[in-house]
Amino acid sequence: MDWPKAPGRDSRHSGAFDISWPYRDHHMMDFLAHATGDAIVDEHALSAELAAKRRRRGHLHTPYPPFNWRHPAAHPGWRYTRSERRALRAATIRWPASRQDLAAYANRDVLEAEWDTRFTGDGPVHAGAAALVWREPNAVATAFTSAKSARHSRLWNTDFLDAHNARLDIDAVMARIATTAHRLWRTHTDTHLHLGATDTNTWTSLLSTVDHLTDYARALNGRADLLLAYREVLRLENVHDATIRIEFGLPLDDTTPLNRNALDLDLNIELTALVSRLARSALFGEQDATVSG
């Protein structure tokens with residue numbers, strides 16, 4: 001499949017979803033910049049010796065930020081040799097921020113042609129501009145929207161997910177999506193006159209991870225969020241029984257005292273069942289060996 005059919009859109013979804021896609025180009029660029037703005041290191045791009053050294057020093061899965069001469073001792077680079085620092089910089093995820101950046105890649109001619117197909121003139125200068133040109137960074141930006149959505153749900157900010165081991169490690173999933181997408185994209189950029197797909201199996205597996213993250217976010221923001229909102233309303237003392245009956249679809253002509261405890265119990269049963277399903281879903285990141293490796 002082509003990614004994207006229209007830049008800034010998740011083109012796997014057709015019909016109304018594609019038409020109502022709420023994000024403009026500048027949103028997608030910002031999403032990509034935020035998703036990979038912490039100097040993520042692709043650990044799989046490092047030699048076994050360097051990866052082991054990072055593990056010993058407690059630096060595994062930590063960013064490798066630009067060097068700050070004002071605070072040199074705080075930078076992790078001083079604990080590595082010059083060749084190791086060069087390898088870490090090479091393994092750090094960076095997307096081209098402008099057309100001029102494309103000159104650094106072996107496949108420059110093709111990359112510039114792809115860039116020119118998307119933009120007139122030189123195009124934007126933005127850390128996330130690649131999301132509007134290539135499918136791999138666009139997938140990362142799309143995944144970021146799902147991660148952001150999950151974190152903004154009511155349920156995410158409660159301890160209910162933790163109590164049922166249903167809290168997905170979103171940071172780890174996003175790091176895996178970003179590193180896998182960047183690895184695929186670098187195969188395209190580092191091979192002179194390379195055209196077309198790089199590794200269709202890994203790309204399909206990457207999309208599966210993005211879809212799973214999206215489904216997880218939708219579950220949090222769907223029925224789960226509604227149930228939690230009902231529970232919050234139910235526990236407010238200044239809300240009349242008539243209002244509760246309307247919210248829960250109960251008969252308004254019923255004059256018997258409203259049993260809020262029974263309603264609360266029913267809500268908790270349904271919410272627990274839903275979160276239990278999410279708990280199984282949250283394990284997908286640990287079982288997905290293809291994308292992580």
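Reader: Which residues does Met 174 touch, not counting residues up to four places away in sequence?

Author: A contact means heavy atoms within 4.5 Å. By that rule, Met 174 touches Ala 35, Val 140, Ala 143, Phe 144, Ala 147 and Leu 213. The model is predicted, so local features need pLDDT of at least 70 and side-chain atom pairs count only at pLDDT 80 or more, while totals for chains, interfaces and linings use all residues. Residues are numbered from 1 along each chain as its sequence is written, and side-chain values use heavy atoms, leaving out hydrogens and water.

Reader: Which residues have the most contacts inside the largest nonpolar core?

Author: In soluble globular proteins, nonpolar side chains tend to be buried together. A nonpolar core is a set of buried Ala, Val, Leu, Ile, Met, Phe, Trp, Tyr and Cys residues joined through side-chain atoms within 4.5 Å. Buried means under 20% relative accessible area, exposed over 50%, and partly exposed in between (1.4 Å probe, protein chains only). Here the largest core has 63 residues, and Val 140, Leu 161, Met 174, Ile 177 and Leu 213 have the most contacts inside it. Among the elements that give two or more residues to this core are helix 6 (135-151), helix 8 and helix 9 (200-221). A second, separate core of 7 residues includes Leu 46 and Tyr 80.

Reader: How many helices and strands are there in the protein chain?

Author: Helices (H or I, at least four residues) and strands (E, at least two) are DSSP runs, numbered from the N terminus. The protein chain has 14 helices and 0 strands. Of its 293 residues, 44% count as buried.

Reader: How far apart are the end C-alpha atoms of helix 8?

Author: The expected span of a helix is 1.5 Å times one less than its number of residues. For the 20 residues of helix 8 (residues 170-189) that gives 28 Å, and the end C-alpha atoms are 28 Å apart, which agrees. Helix 8 is mostly covered, with 14 of its 20 residues buried.

Reader: Is Ala 166 buried or exposed?

Author: Ala 166 lies in the loop between helix 7 and helix 8. Its relative accessible area is 0%, so Ala 166 is buried. Ala 166 and Ser 276 are 110 residues apart in sequence, yet 7.0 Å apart in space, C-alpha to C-alpha.

Reader: Which element gives the most to the lining of the largest pocket?

Author: On a 1 Å grid over the protein atoms alone, a pocket is an open set of points where a 1.4 Å probe fits, with protein on both sides within 12 Å along at least five of seven lines; lining residues have an atom within 4 Å of a point. Helix 8 gives the most, with 7 residues. The lining has 22 residues, and those nearest the centre include Ile 40, Asp 171 and Arg 176.
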